[in-house]
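Look over the model below before reading on. The report moves from the core to the sheet and then to the whole chain.

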Amino acid sequence: MDGRAGDNGYIVGVTVTSQNKTISTFGGKTLTIRLEIPAELLHKEVAAVHIADDGKTEKMPGKVVTEGMKQYYAFTTTHLPLLLSKKK
């Protein structure tokens, strides 16, 4: 489920599975995620946003890291799913 989300973001489908079961919470422990920033969002302020089942959103603190010629948004989370978004 990757793709554009309006003018300000991209929906990025991140799933973790174990024994054919999807894991969306990690028992209070954190998961470190690094998402490549799409070309359209390069050199802009970006953030990862958690979207809860009830539609509430929560910004996930993180930072842009450069590795080689690519930029990534790196953050830790205790739950999924996520949206990579340009800050308004």
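Which residues touch the most other members of the largest nonpolar core? In this predicted model, they are Leu-35, Tyr-73 and Phe-75, in a core of 13 residues. Four strands each supply at least two residues of that core: strand 2, strand 5, strand 6 and strand 9. The largest share comes from strand 6, with 3 residues. Nonpolar side chains tend to be buried together in soluble globular proteins.

| Strand | Residues |
|---|---|
| Strand 2 | 9-12 |
| Strand 5 | 31-36 |
| Strand 6 | 46-51 |
| Strand 9 | 70-77 |

An open sheet is formed by 3 strands, in the order 5-9-8, with antiparallel pairing. Strand 5 and strand 8 (62-67) are at its edges. Each has a single partner strand, so one side of each lacks a neighbour in the sheet. From one strand to the next, the twist averages 30°.

Strand 5 and strand 9 are joined over 6 bridges, in the antiparallel sense. Ile-33 has Phe-75 of strand 9 as its bridge partner.

Now the whole protein. There are 10 strands and 0 helices. The pattern along the sequence reads β-β-β-β-β-β-β-β-β-β. The protein has 88 residues, and 32% of them count as buried. Of contacts between residues at least 6 apart in sequence, 63% join residues at least 24 apart. The accessible surface is about 6100 Å², and carbon and sulfur atoms account for 50% of that area.

Notes. Residues numbered from 1 in each chain as written. Predicted model: local features only at pLDDT ≥ 70, side-chain atom pairs only at ≥ 80, totals over all residues. Heavy atoms only, no water. Core = buried A, V, L, I, M, F, W, Y, C linked by side-chain atoms within 4.5 Å. Buried < 20%, exposed > 50% of the residue type's maximum accessible area, 1.4 Å probe, protein only. Pairing = 2+ DSSP bridges. Axes fitted to C-alpha atoms, helices over the stretch in contact; angles between N-to-C directions. Contact = heavy atoms within 4.5 Å. Areas by Shrake-Rupley, 256 points an atom, 1.4 Å probe, with all protein chains shown as cover.
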